[in-house]
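This briefing concerns charged side chains and their pairing. Please view the sequence and structure below before reading on.

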Amino acid sequence: SLAPTIAPAVYARLCTYTKCVEVDDIEQCTPGSTGCSCDANDMAGLSCQRDIKREVCSDVAVSQWSESVDYTTGDVVRVGTKRFNCREWPNYLWCSMPAYKPTLENNGIWHKAWSEDGTCT
């Protein structure tokens, strides 16, 4: 018989990762330049604009995997202190499915949806 072991301690620290998303924005442009709302004969001014994509990054808490979350590429979850990153398309489509929930087991179907992403410190 084996001696009882101590139950794993609950991770109580704040674990974060930097999540970046692309947002739509506008910028002023030179008349006649690519995508500019003004043609080359117009005067430059505030009305000369073009649509752009801008990346916005923020620190996000790493939570445990949840069936109620719609995960997408780059989302990070944790099991204990081990972090997992949701893979790119088309694999990210599995990240929200319970069968692909990451575990601490080295061999599992979860590898198709998630990659290991370090540990929370």
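The points below cover the salt bridges and one aspartate in a loop.

The model is predicted: local features need pLDDT of at least 70, side-chain atom pairs count only at pLDDT 80 or more, and totals for chains, interfaces and linings use all residues. Residues are numbered from 1 along each chain as its sequence is written, and side-chain values use heavy atoms, with hydrogens and water left out.

**Salt bridges**
- The count comes to 6 salt bridges, each defined as a side-chain nitrogen of Lys or Arg within 4 Å of a carboxyl oxygen of Asp or Glu.
- K53 pairs with D24, with 2.6 Å between the closest N and O atoms. Because K53 lies in strand 2 (residues 49-61) and D24 in strand 1 (residues 16-28), the pair ties together parts 29 residues apart in sequence; strands are DSSP runs of E, at least two residues, numbered from the N terminus.
- Both K53 and D24 are exposed, that is, over 50% relative accessible area; buried means under 20% and partly exposed in between (1.4 Å probe, protein chains only).
- E27 forms a salt bridge with R50 at 2.8 Å, linking strand 1 to strand 2 across 23 residues. E27 is partly exposed at 32%, as is R50 at 22%.
- E116 bridges to K82 at 3.5 Å, so strand 6 (residues 114-119) is tied to strand 5 (residues 82-86). E116 is partly exposed at 42% relative accessibility.

**The loop aspartate**
- D75 is found in the loop between strand 3 (63-64) and strand 4 (76-79).
- With a relative accessible area of 7%, D75 is buried.
- Leaving aside residues up to four places away in sequence, D75 touches Y17, K19, D70, F84, N85, C86 and W114, contact meaning heavy atoms within 4.5 Å.

Terms used: Helix = DSSP H or I, 4+ residues; strand = E, 2+ residues; numbered from the N terminus.
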